Protein chains: 4
Amino acid sequence: MKNTATLLITCPDAKGIVASIAHFLHQHNANILHADQHQDAENNLFLMRVEWDLDQFNLDEIAFGQHFEAIAAQFSMQWQLKLSEHKPRLALMVSQYDHCLVDLLHRHKQGELACEIPLIISNHLDTKPLADFYGIDFHHVPVTKDTKVEAENAQFKLFDDYNIDLIVLARYMQILSSNFVARYPQCIINIHHSFLPAFIGAKPYHRAFERGVKLIGATAHYVTEVLDEGPIIEQDIARISHRDQVEDLLQKGRDLERVVLSRAVRWHIDNRVLTYANKTVVFD
Amino acid sequence: MKNTATLLITCPDAKGIVASIAHFLHQHNANILHADQHQDAENNLFLMRVEWDLDQFNLDEIAFGQHFEAIAAQFSMQWQLKLSEHKPRLALMVSQYDHCLVDLLHRHKQGELACEIPLIISNHLDTKPLADFYGIDFHHVPVTKDTKVEAENAQFKLFDDYNIDLIVLARYMQILSSNFVARYPQCIINIHHSFLPAFIGAKPYHRAFERGVKLIGATAHYVTEVLDEGPIIEQDIARISHRDQVEDLLQKGRDLERVVLSRAVRWHIDNRVLTYANKTVVFD
Amino acid sequence: MKNTATLLITCPDAKGIVASIAHFLHQHNANILHADQHQDAENNLFLMRVEWDLDQFNLDEIAFGQHFEAIAAQFSMQWQLKLSEHKPRLALMVSQYDHCLVDLLHRHKQGELACEIPLIISNHLDTKPLADFYGIDFHHVPVTKDTKVEAENAQFKLFDDYNIDLIVLARYMQILSSNFVARYPQCIINIHHSFLPAFIGAKPYHRAFERGVKLIGATAHYVTEVLDEGPIIEQDIARISHRDQVEDLLQKGRDLERVVLSRAVRWHIDNRVLTYANKTVVFD
Amino acid sequence: MKNTATLLITCPDAKGIVASIAHFLHQHNANILHADQHQDAENNLFLMRVEWDLDQFNLDEIAFGQHFEAIAAQFSMQWQLKLSEHKPRLALMVSQYDHCLVDLLHRHKQGELACEIPLIISNHLDTKPLADFYGIDFHHVPVTKDTKVEAENAQFKLFDDYNIDLIVLARYMQILSSNFVARYPQCIINIHHSFLPAFIGAKPYHRAFERGVKLIGATAHYVTEVLDEGPIIEQDIARISHRDQVEDLLQKGRDLERVVLSRAVRWHIDNRVLTYANKTVVFD
């Protein structure tokens, strides 16, 4: 079991940032395992991810904040410190298509995802046996036009009760209210079944079939106020031909969706994703 | 040098079509080299491509038409017969970006494209040395808002003079008039620098960069009345990351554009593309 | 539920084959749904797959054989007729890595695989709960050097008892004896975790890591006498970089393995695969 | 025109390396544009690439060496400093297939490659007109078994005369002697037309065809003593099917070869490639 800390930083670009951070970490005896940075010249932004071994590091979480504050203030940093021992807690939301859910649960069991998954919420009952198989609490929260507000309130309560850090929409076929989205900024990941920005909205495979495209895609993104317009974390595509009917697109698409969603979730969990200007930086 | 005939057929689906065609070809001693067919259940359509060796075939082009007429009428076929000895004649249109032009000319010289390329038209002079190097007639037809009609008339005259069968827009940065498009149905191939239907219109790489996509694409399509809405022949994509600036997208995109365009042109030349319902069937 | 017949043919190439088959099927009122063919000039071979609707077809399985015999004899055909109502019966063999098993079982449940899966055999107990969850008989057949012959005999008996048509090695980490392989020609599909012929044999990901390749792959193939040398049905690759350690290769590889294996299994089940000269023709 | 310096470092991993380098650069007023690093735990190695703007940097090349020596010694670094103003000088070697040559020359003209290309050497005369078109000196050095030593000596003299930094084998179909290879360590890039380590040696496309693979590939690598065993810089693949004959593999392969080779050359030129343990780290 690794015991590391990861520091994520966003700040205006300036000389001396790396020197200051590297000096600080060295001073406190950090053994750096990975460091990656990105500069956006146009937006004059500096973004960094640095992960170090905590074994000989001489600051705890609180002390880190106290000591790091001076540097953070000097460079006007937004920063987060994540400890590997605090695994993020995920809620998976799903409707009837269960391929992404099956995939995430199996990956989790296999050790690919460094998180807890204490909660599954669905507006249908189909996936309950699967939740039971993996020993995860399943809550059935049906949603209709009329009950949407209550349903979301029930969901919020569940997120609170289970101390949820990240909500994954694993083919959850309900549109979240603005209230929901605003409550969990950068904490909701959705899988959309097209290569956005093509085929925003409903039935993308059907529309891809009608348009006669030669590639279909899937896109994992953070959910924001505007439908399917949030920062894209990952995309991938599969080749199709005139031989493929809509059902073939659906089938090929399922393979895309689960791979793309799982990559996005893993990168988020591993604290590899930073966002700015409605885009993501993925430190792989 | 191969000496073959290719028959392309589109008709309502019905029992006995293949039997009739196969019997007809066998009767006239055709040695079939490739045959491929597609049925579209939704549109009740049957599409076929069959290519045979002419060596022992006992009908010439005119006799074929006379004898095949009965079958064609029986099944209400639209059909075309293409002989490999009649190589299609291409006009390449280009503005200042020459990567697709360089690519097509080199492929042609190398024997990848079974066509003649007697004519290059450009609204700039930059690519004239290249045309000279390959010994191809180059015509400079400048276009401004005010001279568009005359310019297109000059282009039409060139197409007539050179007996052009296919017009390839190899990064030709002028929008063709409706008149132009209507004059050459299914005879104009364009390369658009995005994975359509994403980023229709101008500056797709800039818009891709702004949207923060993780993939960029290119699309070769037949030009129809509505901009970037014609039947898609081929698409491909390349992966990008936050490290890629707009110039990197342009560079990676050039590699896509030339590969995608050349595939579409080759398939068209080899009589592998049929269209219906604003889609293509590509018999590869 | 579709009710179709699929005819697979391999024979020396000759004029008139398609005409004869098409005429025969038309005569007996077949409504052809798909037809695909391939000619290998070098080996002078003709291969064909044709699928038709049985609704109005006027021959049953036995009568088909009787009537088709004349054509088959004329062209020296090897042929098989497969009816969609006779679903092939699969045995899945697995050791401890369960990702391919999980994948195949979920696809089967979802309706992607038109087969029965009555039997799972493992030399370990780890996957028994999964078999139980999907309601499939699980047989634990441990294998040691000394017990290999008895173990394989036990496996043969299980294949007989369950009327197995296809054996899928879903990361089964034992090498089959020549006797085993000879007993089930073209009826065993294996997934090898490299892009064959690179990294034949054990620990391909470790050797890929050491060699410093930039791509890893997976290959599904029929098992033949010589290890990892059987006809390749499908391959795919994933990009890696210096950042990827062996564990990352294993993780990315799992995603490849299950997709590649499931494609090969589906194509086999759908009677899309023909073999000759240690290669496959996949009629997609 | 950018005016930057790039520092490449390889050394045993240790605490404080990044802090020391970052402090040094900051002290001398470097504006860091890109920094990337890699740690190889198994080999206990630290590798780094850092590029900075020279505009306000207060050391010249010689002074840099003098001042940086202390840090380099402390951490036992191997280091190189590359200035963008000193463009590397390339020799392209080619036989008869000219697709890679055409590609590199066009990219260079277009500004994709930050290098000089003063010299083309070929054992054939076919590509001379192309060299003339681009205004590059062309030297015809025929090679036979008996004249190999003299031919290579003539080549060495040309490399000296033209001050060549990098030799690119753009489908040069002669095997270099050990003497040649030893003379230019890490300075010869070759394109091999298979996904190494599959199909080492001659006629890889023919052998790929015989093996019945579903993917073909190309590999760019540094040339070392053992044929096709040098550190891999880049690889890519294309999908093929049973419909593809050897000529189709050759055609699809050409598209791979030129893209893969050009990427490797660009990365080398941009000082993005470090090697160790017969592998490359590519800082993209």
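I began with salt bridges, taken as a side-chain nitrogen of Lys or Arg within 4 Å of a carboxyl oxygen of Asp or Glu. I found 10 of them across the interface of chain A and chain B. One joins B:Asp284 to A:Arg243, with the closest N and O atoms 3.8 Å apart.

A note on ground rules: this is a predicted model, where local features need pLDDT of at least 70, side-chain atom pairs count only at pLDDT 80 or more, and totals for chains, interfaces and linings use all residues. Residues are numbered from 1 along each chain as its sequence is written, chains are lettered from A in the order in which they are written, and side-chain values use heavy atoms, without hydrogens and water.

Next I checked the contact (heavy atoms within 4.5 Å). Chain A gives 36 residues and chain B gives 36 residues. The two chains bury about 3000 Å² between them, 49% of it on carbon and sulfur atoms; this is the accessible area (1.4 Å probe) lost on being put together, summed over both. In chain A, the most area is lost by A:Arg211, A:Lys214 and A:His242, together 24% of what that side buries.

Then I turned to a sheet in chain D. I saw an open sheet of seven strands in the order 7-6-5-8-9-10-11, with mixed pairing; strands (DSSP E runs of at least two residues) are numbered from the N terminus, and pairing needs at least two bridges. Strand 7 (137–140) and strand 11 (232–239) of chain D are the edges.

Technical notes
Helices (H or I, at least four residues) and strands (E, at least two) are DSSP runs, numbered from the N terminus.
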